[in-house]
Amino acid sequence: REFKTAGCAVVIVSYDGALVGIVEARLPSRVGTASEAEARAFLLALTICPFTPIVITDCLSLLATAQGGLARATASRCTMAGVWTLIGAALDGDLAASVEQGKLLWMPSHLAHATAAAARKSDGSPVSVLDWRANRLADAVAKSAAGAPASTLNAVRCLKSAGDALLEEAAVLGAVTR
């Protein structure tokens, strides 16, 4: 668990389709699901923007949770209540309104370019080429952000070497004491 990594990314585009920026984050090792990574990306988008941006996600559970409202998302039985509390605070407590006002939209993911044009977002509008490209870019950047850093790889190598040495010493000790 200590060496597990996760990442998220936000791709920022202007209304005319120009790439404005990309934000990536390496997430804590306790982030164990794609839904939580998507929720943290949503939180990231809300906190870096001075106004409530339009966020398009490919995580349907993110949309469903938001539609259920803040009380439901932060109930004690919810494993992601903490991140939803922060999202709720960024939205001034009106989580469901983000969906109703079209600020949080869902689009199908992992579409081939040819089939993307026929797909629809949660508001019924077609998935544009810009939506498709931004989604693919966000996925690629998130995967890159989750990549294991050199220090983690070195730690794994060191532990493996120590394990091999321990096994060899145990074998020698066993032969000597027998």
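View 1. Ala 6 has Leu 27 in β2 as its bridge partner. The strands β1 and β2 run antiparallel and pair over 8 bridges; two strands count as paired if DSSP finds at least two bridges between them. Strands (E, at least two residues) and helices (H or I, at least four) are DSSP runs, numbered from the N terminus. Between β1 and β2 are 5 residues, and Gly 17 in this turn has a positive phi of about 95 degrees. This is a predicted model, in which local features need pLDDT of at least 70 and side-chain atom pairs count only at pLDDT 80 or more, while totals for chains, interfaces and linings use all residues. Residues are numbered from 1 along each chain as its sequence is written, and side-chain values use heavy atoms, without hydrogens and water.

**View 2. Helix α7 and its cover.** The 18 residues of α7 (residues 129–146) should span 26 Å at 1.5 Å a residue, and the end C-alpha atoms are 26 Å apart, which agrees. The expected span is 1.5 Å times one less than the number of residues. Buried residues (under 20% relative accessible area; exposed is over 50%, partly exposed in between; 1.4 Å probe, protein chains only) of α7 include Trp 132, Asn 135 and Val 141. Among the elements covering the buried residues of α7 are β1 (6–13), β2 (19–27), β3 (55–57) and α6 (113–116). Leu 130, also in α7, is partly exposed because its relative accessible area is 31%.

**View 3. Glu 36 in helix α1.** Glu 36 belongs to α1 (residues 34–48). Glu 36 counts as buried because its relative accessibility is 13%. Beyond its neighbours within four places in sequence, Glu 36 is in contact (heavy atoms within 4.5 Å) with Arg 30, Val 31 and Met 80.
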